[in-house]
Amino acid sequence: MNNLTIRFIAGFVFSGLVIGSALLGTVVLGIVFLVFSTVGLYEFYSLCSLKQHTKPRKWSGLMLGIAAYLLLFFYYNGYLDLSITWLLAAISFIFFCSELIRLDQNIMTDLSATIMGWVYVIFPFALVNKLANITGEFNYELPIGFFLILWANDSGAYFIGKFLGKTKLYEKVSPNKTWEGLFGGIVFAFVVAYFVSNYFHSVTLQVWIIISLIISIFGNLGDLFESQFKRSVGAKDSGSFIPGHGGVLDRFDGLLIALPITVCYLVFAL
């Protein structure tokens with residue numbers, strides 16, 4: 001099979017896994033995105049390690065990141081009170097104390113990279129569970145709608161940029177992105193948001209349109225941020241978890257910034 005066929009099959013399977021996990025309920029959705037967040041955090045730490053003198057605490061960072069995800073998962077699904085955060089705070093405090101007593105001149109850089117992984121990867125992935133429960137009970141419509149619009153924006157930007165794109169968007173960071181592709185992605189996202197609103201009635205058409213606008217703007221910023229991050233450490237892809245697509249961070253780069261903004265909007269709008 002050629003690369004295009006592999007990319008298509010992997011993308012189809014991946015999309016089916018995301019949508020299927022939402023349809024199968026709270027536990028399956030939580031487990032699937034726990035896997036994604038763990039792999040994504042590992043990729044983030046591996047990329048950081050390519051930079052000279054930056055060595056995030058990979059294994060302890062992964063363990064605390066998984067603990068943070070699980071804590072948020074149980075909280076967003078109403079199984080725990082937020083006061084349980086004292087436990088994670090205590091574990092984190094012990095971790096930081098054990099690191100600070102090391103005779104390592106790069107300790108602050110290493111700890112900053114470790115913490116950044118939690119903020120950049122774990123928190124956005126955990127928010128998928130918040131999105132599913134944002135109306136007060138588990139509802140698969142908002143997660144599925146969000147991902148359909150996100151993928152529509154990515155696909156529109158790719159195809160319009162590939163065939164009609166001439167004006168570079170930010171060539172120093174992402175040479176293939178164009179303004180034509182950006183606006184093509186926005187149009188695709190709006191169209192899919194309209195069709196989603198006809199089948200998913202958890203929120204109004206106006207809310208779906210605003211979500212599509214947030215995704216179009218901040219999803220592209222997420223893409224540019226990840227591209228710049230990879231460029232800064234000399235990497236082409238974040239990993240090889242998804243054949244033909246690269247790593248988890250490559251596939252979810254738009255989500256990592258667009259989803260927190262979307263959730264913030266919905267918290268105030270609903």
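The model is predicted: local features need pLDDT of at least 70, side-chain atom pairs count only at pLDDT 80 or more, and totals for chains, interfaces and linings use all residues. Residues are numbered from 1 along each chain as its sequence is written, and side-chain values use heavy atoms, with hydrogens and water left out. Helices are DSSP runs (H or I, at least four residues), numbered from the N terminus.

**Aromatic pairs**

- The whole structure holds 23 aromatic pairs. Rings of Phe, Tyr and Trp (its six-membered ring) pair if their centres lie within 6.5 Å; planes under 30 degrees apart count as stacked, over 60 as edge-to-face and the rest as tilted.
- Phe36 and Phe252 make a tilted pair, with 5.1 Å from centre to centre and 50° between the planes. This pair links distant parts of the chain: Phe36 sits in helix 2 (residues 26-49) and Phe252 in helix 9 (residues 248-252), 216 residues apart.
- Both Phe36 and Phe252 are buried. Buried means under 20% relative accessible area, exposed over 50%, and partly exposed in between (1.4 Å probe, protein chains only).
- The pair of Phe147 and Trp151 is tilted because the ring centres are 5.7 Å apart and the planes stand at 35°. These two residues lie in helix 6 (residues 141-164), 4 residues apart, about one turn of the helix.
- Phe147 has 3% relative accessibility, so Phe147 counts as buried. Trp151 is buried too, at a relative accessible area of 12%.
- Ring pairs join Phe14, Phe33, Phe36, Phe125, Phe146, Phe147, Trp151 and Phe252 into a cluster.

**Tyr76**

- Tyr76 belongs to helix 3 (residues 58-76). With a relative accessible area of 14%, Tyr76 is buried.
- Apart from residues up to four places away in sequence, Tyr76 touches Phe123, Ala126, Leu127, Asn129, Lys130 and Asn133. Contact means heavy atoms within 4.5 Å.
- Tyr76 and Phe147 are 71 residues apart along the chain, and their C-alpha atoms are separated by 19 Å.

**Buried polar residues**

- Asp250 is in helix 9. Its relative accessible area is 13%, so Asp250 is buried.
- The side chains of Asp250 and Lys230 make a polar contact of 2.8 Å. A polar contact is a pair of N or O atoms within 3.5 Å; within protein, one must be able to donate a hydrogen and the other to accept it, and residues adjacent in sequence count only if both atoms are side-chain atoms.
- Neighbours within four places in sequence aside, Asp250 contacts Glu226, Lys230, Asp237, Ser238, Gly239 and His245.
- Asn153 is in helix 6. Its relative accessibility is 1%, so Asn153 counts as buried.
- Setting aside neighbours within four places in sequence, Asn153 is in contact with residues including Gly185, Ile186, Ala189 and Ser216.

**Surface patch**

- Val187, Phe188, Val191, Tyr194, Phe195 and Leu205 form a nonpolar surface patch, with about 540 Å² of accessible area together. Patches are made of residues with over 30% relative accessible area and no salt bridge: like charges are joined within 9 Å, nonpolar side chains (Val, Leu, Ile, Met, Phe, Trp, Tyr) within 5 Å.
- A salt bridge is a side-chain nitrogen of Lys or Arg within 4 Å of a carboxyl oxygen of Asp or Glu. Accessible areas come from the Shrake-Rupley method with a 1.4 Å probe; for residues, only the protein chains shown count as cover.
- Helix 7 (residues 179-199) supplies the largest share of the patch, 5 residues. Tyr194 is found in helix 7 and counts as partly exposed, at 43% relative accessibility.
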